[in-house]
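This briefing goes with the sequence and structure shown below. Please read it with the model open.

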Amino acid sequence: MTATGRFVNKILSFTVFTLLDILDFLLCYIYKILDYLIEAESKPCYCSSAKEAITSSGKILVSEHGESKIVRLTSTKLQLEEISDTLYTRPSFLSEVSKSSSDELKRGNSMIQSSCHEKINSKRGGRGTIRSTFTTNSTIVEMLQGRIQKLPIPRWSDCDCKTCTCWTSSCKESLFVKADGAKDNVQEDVLFIHGFISSSAFWTETLYPNFSNTTKSKFRLLAVDLLGFGKSSKPTDSLYTLREHLDMIDKSVLEAYKVKSFHIVAHSLGCILALALAVKHPTSVKSLTLIAPPYFPAPKGKQASQYMIRRLAPRRVWPLITFGASLACWYEHISRTICLVICKNHRLWEFLTKLVTRNRIRTYLIEGFFCHTHNAAWHTLHNIICGTAGQMERYLQEVKNVVKCDVNIFHGKDDELIPVECSYSVKSRIPRAEVKVVENKDHITIVVGRQKDFARELEQIWENASAIKS
């Protein structure tokens, strides 16, 4: 029966995702027309094939072997922003199936080509092969050349409510931070980082009410809405790169609250930011608590970002959470349509949710799910989860050797989105990390539903870390 179920899932997945490929292709042109009619300019997308980029200043290094960067030009400096190649290299489902069927032939050809390259290198005196021409997506080229003007705020397909646009009135981008606990005599700080399409309410509605008075008298609790999510700024011209996310956390939390040393608690996507913060502030982090870290070690010879997107979103209709992840990862215009229906009208959906159910847990989870823009979700998903896959080994190595703090990992055994093996893979890189697998809990219920127990566990972790430091 298991084999039959897998076969049926594959057949259904092939049919459904082939149709979704066609739908996304059609939506691309529909949105170009709508953008032009409403905003007098069609929004560039990542559907274009990668092609050679030449600007007035010469060729721009953007991507080679999966390591992608864009050049950001300002009036005073030039910056390299790391972006994920999965933004513009997402083959259709049908082409993926065709590709897998011809892999064996390609392996044979590659062996022949490699032997030829070795002969050529030997004739060159061992100087190695000449690097290929660097290429980039035409959308990014237009950004670099200044052909994309600043988009309207908000865009017609984004919400224009006060919460989603409050930052535009002051022209100041900042993150929303919900602070609780100690105020006058702060002994230690704790930074909470939520996961993908979530918000600080994931922590404030579950853990904050369950911390003891003793903990709240010593610890200042800082739960942040990431850039583009919840009540934080949602800039339309941002690519939501790792640097942007980290800089905003530094400015809106660490600097604004004058944080010197701190504990980090992070869930899912937030674990990547937590590791990057620990590497950036190695002497300031007192403990690191990761919940369902999305770490898929890429096999040798595999491109990390492409391997990540295929593991995280394998384009299957079942389980449903995998189907949702596949829609979010692979289909730019379908996901924009979902955001148009749900996020633009989040006030209506929030009202209906509260009207139908009095369950507070369901309400705040849905509110966090609704309050973001497509631009924020799309770029954060690709640039953080997929784009940093190649850097995770370095982060883990730095945490192992340089960041001298306790590392604790929690994972739900029934997590269908991020398998338990991810946490054990993190432990294999950081042997001192403690892994706790919780029975009958999934990606969300690892916190929601067991918040009292988890609050006690966190308090113990912080107390132990403080005792070691002292």
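The model is predicted. Its protein chain contains 18 helices and 14 strands. Of the 470 residues in the chain, 49% are buried. Among contacts in the chain with a separation of 6 or more, 78% are between residues 24 or more positions apart.

**The seven-stranded sheet**

- An open sheet is built from seven strands in the order S8-S10-S9-S11-S12-S13-S14, and its pairing is mixed.
- From one strand to the next, the twist averages 15°.
- Strands S11 (residues 262-267) and S12 (residues 285-291) run parallel and are joined by six bridges.
- Ala-266 stands opposite Leu-290, which belongs to S12.
- Strand S12 is mostly covered, with seven of its seven residues buried.

**Nonpolar cores**

- In soluble globular proteins, nonpolar side chains tend to be buried together.
- The largest nonpolar core here has 74 residues, and Ile-193, Ile-264, Leu-288 and Val-399 are those with the most contacts inside it.
- Helix H9 (residues 269-280) supplies the largest share of this core, 10 residues.
- A second, separate core has 24 residues, including Tyr-364, Ile-446, Leu-458 and Ile-461.

**Helix H10**

- Helix H10 (residues 304-312) is largely enclosed by the rest of the structure, because seven of its nine residues are buried.
- The buried residues of H10 are Ala-304, Ser-305, Gln-306, Tyr-307, Met-308, Ile-309 and Leu-312.
- These buried residues pack against helix H11 (320-330) and helix H15 (374-386).

**Two buried loop residues**

- Where is Thr-206 placed? Thr-206 lies in the loop between helix H6 (201-204) and helix H7 (213-218).
- The relative accessible area of Thr-206 is 0%, so this residue is buried.
- Apart from neighbours within four places in sequence, Thr-206 is in contact with Ala-201, Tyr-364, Val-447, Val-448 and Gln-451.
- Ser-268 is in the loop between S11 and H9.
- Ser-268 has a relative accessibility of 8%, and because buried means under 20% relative accessible area, Ser-268 counts as buried.
- With neighbours within four places in sequence set aside, Ser-268 is in contact with Gly-195, Ile-291, Ala-292, Pro-294 and His-443.
- The C-alpha atoms of Ser-268 and Ile-444 are 9.6 Å apart in space, while the two residues are 176 residues apart in sequence.

**Aromatic pairs and a charge over a ring**

- A search of the whole structure gives 14 aromatic pairs.
- The ring centres of Phe-17 and Phe-323 are 5.7 Å apart and the ring planes are at 65°, so this pair is edge-to-face.
- Because Phe-17 is in helix H1 (residues 2-39) and Phe-323 is in helix H11, the pair ties together parts 306 residues apart in sequence.
- A cluster formed by ring pairs links Phe-192, Phe-202, Trp-203, Tyr-208, Phe-211, Phe-219 and Trp-462.
- Arg-315 places its charged end over the ring of Trp-330, 3.6 Å from the ring centre.

How values were computed
Residues are numbered from 1 along each chain as its sequence is written. This is a predicted model: local features need pLDDT of at least 70, side-chain atom pairs count only at pLDDT 80 or more; totals for chains, interfaces and linings use all residues. Side-chain values use heavy atoms; hydrogens and water are left out. A nonpolar core is a set of buried Ala, Val, Leu, Ile, Met, Phe, Trp, Tyr and Cys residues joined through side-chain atoms within 4.5 Å. Buried means under 20% relative accessible area, exposed over 50%, partly exposed in between (1.4 Å probe, protein chains only). Helices (H or I, at least four residues) and strands (E, at least two) are DSSP runs, numbered from the N terminus. Contact means heavy atoms within 4.5 Å. Two strands pair if DSSP finds at least two bridges between them. Axes are lines fitted to C-alpha atoms, for helices over the stretch in contact, and angles run from 0 to 180 degrees between N-to-C directions. Rings of Phe, Tyr and Trp (its six-membered ring) pair if their centres lie within 6.5 Å; planes under 30 degrees apart count as stacked, over 60 as edge-to-face and the rest as tilted. A charge sits over a ring if NZ of Lys or CZ of Arg is within 6 Å of the ring centre and within 35 degrees of the ring normal.
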